Amino acid sequence: VARAVKRSGGRVWLGLADGVDSVRPYPRLRDLWRMVSRSAYAQLRHSPLLLAGTVAGLVLVYLVPPAAVAVGAAAGSVPCALLGAAAWLVMTGTYVPMLRYYRQPLWLAPLLPVTAFLYLLMTVDSAVQHRRGRGAAWKGRTYARPATAADET
């Protein structure tokens with residue numbers, strides 16, 4: 001859609017909007033999972049390298065801090081626990097403005113690593129579904145990855 005708008009001389013803007021409502025509710029985790037997994041790997045251009053980088057980035061940024069707190073506490077390593085806690089606190093603090101913007105409870109902020117872990121699993125599931133030949137799924141139909149020049153060599 002964005003390409004068509006730009007080709008016709010229009011402008012595209014990506015940003016926060018408070019006057020938008022979703023017409024497709026995602027009341028259960030399963031519904032949200034399907035929504036993410038049907039396009040996550042396509043957004044990574046079906047690249048195993050980009051998938052690995054995304055997984056590594058999510059692990060490093062969102063999962064290592066709480067793991068460092070747990071490991072540091074279990075091993076009695078105060079520096080490890082403190083560094084993990086500091087990183088987790090920064091992560092939590094940077095999430096608070098988004099929660100406020102969307103009028104969500106602030107107690108959700110420290111749970112961002114849980115959200116990131118779920119998103120990581122959804123993204124990997126997207127790649128697995130693609131690998132199994134299921135491609136992107138939409139309204140009960142599945143679509144294979146479009147052929148690329150690299151596929152033809």
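**View 1. Helix 4 passes helix 6 in a left-handed crossing.** This is a predicted model. Helix 4 covers residues 48–75. Helix 6 covers residues 112–131. Their axes come within 9 Å of each other. The crossing angle is roughly 160°. Angles over 145 degrees count as roughly antiparallel, so helix 4 is roughly antiparallel to helix 6.

**View 2. Residues of helix 4 meet residues of helix 6.** Which residues does helix 4 bring to this contact? They are Leu51, Val55, Leu58, Val59, Tyr62, Leu63 and Pro66. Helix 6 answers with Leu112, Pro113, Ala116, Phe117, Tyr119, Leu120, Thr123, Val124 and Ala127. How many of the residues in this contact are nonpolar, polar or charged? The count is 15 nonpolar and 1 polar, with no charged residues.

**View 3. The protein holds 6 helices and 2 strands.** Follow the sequence and the pattern reads α-α-α-α-α-α-β-β. Take the contacts with a separation of 6 or more: 50% of them join residues 24 or more positions apart.

**View 4. The surface of the protein exposes about 11,300 Å².** Carbon and sulfur atoms supply 65% of that area. What share of the residues is buried? Of the 153 residues, 20% count as buried.

Notes: Residues numbered from 1 in each chain as written. Predicted model: local features only at pLDDT ≥ 70, side-chain atom pairs only at ≥ 80, totals over all residues. Heavy atoms only, no water. Axes fitted to C-alpha atoms, helices over the stretch in contact; angles between N-to-C directions. Helix = DSSP H or I, 4+ residues; strand = E, 2+ residues; numbered from the N terminus. Parallel < 35°, antiparallel > 145°, perpendicular 65-115°, else oblique. Left-handed = near helix turned anticlockwise from the far one by under 90°. Contact = heavy atoms within 4.5 Å. Nonpolar A, V, L, I, M, F, W, Y, C, P; charged D, E, K, R; others polar. Buried < 20%, exposed > 50% of the residue type's maximum accessible area, 1.4 Å probe, protein only. Areas by Shrake-Rupley, 256 points an atom, 1.4 Å probe, with all protein chains shown as cover.
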